Amino acid sequence: MGRHRHVTGGRAIEIPRQLVERLARARRVAVLTGAGISAESGIPTFRDALDGLWANYDPLELATPLGFARNPGLVWRWYAERRARIAATRPNPGHAALAALEARCADFTLVTQNIDGLHQRAGSRRVIELHGNIARVKCSAEEKRVETFDPQAAPPRCVCGAYLRPDVVWFGEMLPADALARAEAAAERCELFFSIGTSAQVYPAADLPLRARAAGAVLVEINPQRTPLTERADFFLQGAAGEVLPALLGKPGLNS
Ligand code: OAD
């Protein structure tokens, strides 16, 4: 298989020629991203042992309906802290490359497990947020989005009296049905499916690459480490998304 050698950061990133040619002629592309694509923006992933978001907290204490019911103030403050940290970050070249890829594909769908909104800030438009968005707040009783609330309260209350909460999916909660249905449809109709920056462990998101493969798509994984998906992928580009994606999209035939 012909390989383009792209040297960046002193390390060669091997981009298979077959993949470049396949992507250059692809019309229907779907992408699933996870925390790894935001790592280079300074947002810790979930499962990094050293600085992962959960290093100092027990996720089951905070990112669950029971955790919120037990200590709504703590959970609200934890999300407020994360929201402030995320607001101070910027999209990285990986996010930018996916926005550029969307512009060149007739039918492009970006499904993300991330709640940081960095894909939209990088210019991606067709984004499906499977796990919600930390910048949004909703009523914990009525499930409807709330735009204005008392910034001093932790947590603030809805006019109905119930607590407000982050509009994100917690452990044990169902994913937004419409978002999941659209993501599954995109996986089943695409020619090329990219799984980028996800440990491919959390379902139903982790099922999307397998669905795409079963429907006949070429499966590409981009990750510095191998995952349970790696052996099922047609192409495994081992490296950081912020380096691999620009290297891929910079290839002749793709950088038009
Ligand atoms: P994880 O923390 O499980 O996995 C992050 C993945 O990104 C790992 O496979 C890393 O090897 C990889 N990675 C690290 N740096 C990278 C880089 N620069 N470029 C590319 N990849 C890199 O995060 P997710 O797979 O997103 O759900 O976790 C999935 C879900 O688990 C999250 O959405 C969250 C959690 O439960 C909810 O909160 C509902």
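Pro 155 sits in the loop that links strand E6 (132-139) to strand E7 (164-168). Helices (H or I, at least four residues) and strands (E, at least two) are DSSP runs, numbered from the N terminus.

Before going on, a word on what you are looking at: this is a predicted model, where local features need pLDDT of at least 70, side-chain atom pairs count only at pLDDT 80 or more, and totals for chains, interfaces and linings use all residues. Residues are numbered from 1 along each chain as its sequence is written, and side-chain values use heavy atoms, with hydrogens and water left out.

The loop between E6 and E7 also holds Glu 143. Phi of Glu 143 is positive, near 65 degrees, in a residue other than glycine. With 46% relative accessibility, Glu 143 counts as partly exposed; buried means under 20% relative accessible area, exposed over 50%, and partly exposed in between (1.4 Å probe, protein chains only).

Now let us turn to the loop between E8 and H9, where Ala 200 is found. Ala 200 counts as buried, at 10% relative accessibility. Pro 204 has its place in the loop between E8 and H9 too, and a cis peptide bond joins Tyr 203 to Pro 204.

| Site | Angle | Value |
|---|---|---|
| Tyr 203 to Pro 204 | omega | about 5 degrees |
| Ala 200 | phi | about 55 degrees |
| Gly 216 | phi | about 105 degrees |

Next comes helix H9 itself (residues 207-214), in which Leu 208, Pro 209 and Ala 212 are buried. Seen down the axis of H9, these buried residues fall within an arc of 100 degrees, so they line one face of the helix; the arc is that of the directions from the helix axis to the C-beta atoms. What do the buried residues of H9 pack against? Their partners are strand E3 (28-33), strand E4 (107-112), helix H8 (177-189), strand E8 (192-196) and strand E9 (218-223), where contact means heavy atoms within 4.5 Å.

Finally, meet a pair of helices. Pro 93, Gly 94, Ala 97, Leu 98 and Leu 101 in H6 meet Ala 241, Gly 242, Leu 245, Pro 246 and Leu 249 in H10. By class, this contact of H6 with H10 has 8 nonpolar, 2 polar and no charged residues; Ala, Val, Leu, Ile, Met, Phe, Trp, Tyr, Cys and Pro count as nonpolar, Asp, Glu, Lys and Arg as charged, and the others, Gly among them, as polar.
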